[in-house]
Amino acid sequence: MAEILQKEKNPLKNINPHVKDKKDYASIVRIVQTDLPGNKRTIAGLTYIKGISWSIANAMCKILHLNPNKKIHELTEEEIHTITQFLHAPILPRFLMNRRKDFETGEDAHFITTNLDMKKEFDIRRLKKIRSY
């Protein structure tokens, strides 16, 4: 009877001793209308934003002097704010921009999230109108 009580008091006895406790962070960080999982590295987490590729995420980390291996949930409010400002007005090399020589303005631009969707939709409408799509 004592053995049964001892087993019930120590339910963690059967767990592998070589496995360390993992801290599962279920935190979600919101950057530019996109929820980023907090357990991802910065460089990987930024790619969850529509219009941000691995190349752009890497360039952002280098330009903003961010640690690409830092987890998203570890970013400070100031770092999140600088990322947001950078995404609204990116200073990137021309070859990384997703809208070079815009049809309407002739300027180079980089669009993300809903702006990217809207520009794509307008381009498709324009091509359908001239019967090229």
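**Exercise 1. Find which residues have the most contacts inside the largest nonpolar core.**

Step 1: Know what to look for. A nonpolar core is a set of buried Ala, Val, Leu, Ile, Met, Phe, Trp, Tyr and Cys residues joined through side-chain atoms within 4.5 Å. Buried means under 20% relative accessible area, exposed over 50% (1.4 Å probe, protein chains only).

Step 2: Know your model. It's a predicted one, where local features need pLDDT of at least 70, side-chain atom pairs count only at pLDDT 80 or more, and totals for chains, interfaces and linings use all residues. Residues are numbered from 1 along each chain as its sequence is written, and side-chain values use heavy atoms, leaving out hydrogens and water.

Step 3: Pick them out. The largest core holds 24 residues, and Ile31, Leu46, Ile52, Ile83 and Leu87 have the most contacts inside it.

Step 4: Look at the elements (DSSP runs numbered from the N terminus: helices are H or I, at least four residues; strands are E, at least two). Strand E1 (28-31), helix H3 (54-63) and helix H4 (77-88) each give two or more residues to this core. H3 gives the most, with five.

**Exercise 2. Work out where the buried residues of H4 sit around its axis.**

Step 1: List them: Glu79, Ile80, Ile83, Phe86 and Leu87 are the buried residues of H4.

Step 2: Check the arc, taken from the directions from the helix axis to the C-beta atoms. These residues cover only 125° around the axis, so they lie on the same side of H4.
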